[in-house]
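Dear colleague,

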Amino acid sequence: MKKATLGRVYVWEVPVRFYHWLNFLTVVVLAVTGYLIGRPLAIQRAAEASYSYWFGKVRFLHFAAAYVFFFNFLFRIYWGFVGNRYAGWKNFIIYRRDQLREIAEVLKVDILQARVKPMDTIGHNSLAGFTYFLVFLAFLFQSLTGFGMYSAMSDAWLPRLFAWVVPLMGGDFAVRQWHHAFMWAFIVFAIVHVYLVFYHDYVEGRGVLSSMAGGWKFIEKETK
Ligand code: HEM
Ligand code: HEM
């Protein structure tokens with residue numbers, strides 16, 4: 001019987017894992033509160049108006065989570081320059097021929113399911129890395145449109161920096177539509193992302209799923 005000896009590699013440092021789960025939490029809060037802002041519940045109450053400030057609380061939660069989301073995102077960009085080689089910004093762009101080859105391999109495994117073979121990469125595979133790059137661009141867009149709208153409601157210095165976004169994009173209505181549509185893009189991404197993480201965990205057997213918790217992945221050292 002063949003026996004594989006597994007070695008473990010420390011892939012995701014604490015800041016990457018911290019970023020990931022804080023981002024997960026804020027995106028969930030932003031999507032739920034954002035959905036309610038776009039489609040408010042028609043709650044009828046006999047109470048005095050100032051006692052039923054639920055919509056104000058929903059908006060407050062959205063804005064508070066937005067600040068956390070934004071600074072967490074800036075922190076991840078910073079970590080792309082100082083973190084280990086799996087966290088670095090080069091993992092997110094396609095600039096080598098072998099990365100294109102790897103994308104074709106991943107498509108064969110993930111979409112065509114023509115092969116059930118572990119990928120050789122330890123960090124993000126090239127397709128995953130590039131997808132995260134697009135997701136980071138979407139996070140940037142969501143921050144620009146969000147703070148752009150917020151600049152009309154706040155005198156704080158940070159939202160004021162984004163006051164140019166709304167006129168540039170053709171007014172409040174257009175910006176809200178885009179901001180809303182991107183929420184659905186994140187929901188679709190999250191569904192596919194979680195499916196793929198589970199799938200790769202099974203196909204590769206290297207602990208992809210738990211790697212975002214403990215940081216370790218497992219690779220075959222030798223086969224007896
Ligand atoms: C239960 C839910 C989730 C699980 C189990 C999970 C798990 C993981 C794992 C294992 C990785 C590393 C995969 C790889 O090697 O390529 C990863 C990366 C990533 N995930 Fe998730 N994820 C979840 C939800 C989300 C959500 C909701 C988002 C955002 C909308 C998200 C955004 C990302 C991003 C941006 C990365 C790249 C991380 C980086 O390099 O900084 N994840 N996730
Ligand atoms: C993953 C990130 C985010 C998601 C999923 C999200 C989602 C949403 C949604 C669905 C709406 C309602 C749009 C509509 O249909 O009218 C909304 C409104 C809004 N969001 Fe976000 N948002 C995110 C990030 C942000 C950020 C970073 C800010 C920055 C401050 C922000 C500020 C706002 C503002 C100001 C409104 C309008 C509130 C109002 O007019 O009452 N959002 N968001």
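K108 is partly exposed, because its relative accessibility is 34% (buried means under 20% relative accessible area, exposed over 50%, partly exposed in between, with a 1.4 Å probe and protein chains only). This is a predicted model, in which local features need pLDDT of at least 70, side-chain atom pairs count only at pLDDT 80 or more, and totals for chains, interfaces and linings use all residues. Residues are numbered from 1 along each chain as its sequence is written, chains are lettered from A and ligands numbered from 1 in the order in which they are written, and side-chain values use heavy atoms, without hydrogens and water.

The structure holds two salt bridges (a side-chain nitrogen of Lys or Arg within 4 Å of a carboxyl oxygen of Asp or Glu). In one, K108 pairs with E105, with the closest N and O atoms 3.8 Å apart. Both residues belong to helix α3 (residues 97–110), three residues apart, about one turn of the helix; helices are DSSP runs (H or I, at least four residues), numbered from the N terminus. E105 is partly exposed, at 24% relative accessible area. In the other, R96 pairs with D98 at 3.0 Å between the closest N and O atoms. R96 is partly exposed at 36% relative accessibility, and D98 is likewise partly exposed at 36%.

L74 lies in helix α2 (residues 54–82) and is partly exposed, at 38% relative accessibility.

Helices α4 (residues 126–150) and α7 (residues 172–204) pack with their axes 10 Å apart, at an angle of about 150° (axes are lines fitted to C-alpha atoms over the stretch in contact, and angles run from 0 to 180 degrees between N-to-C directions). Therefore α4 is roughly antiparallel to α7 (angles over 145 degrees).

Yours sincerely

Methods: Helices (H or I, at least four residues) and strands (E, at least two) are DSSP runs, numbered from the N terminus. Angles under 35 degrees count as roughly parallel, over 145 as roughly antiparallel, 65 to 115 as roughly perpendicular and the rest as oblique.
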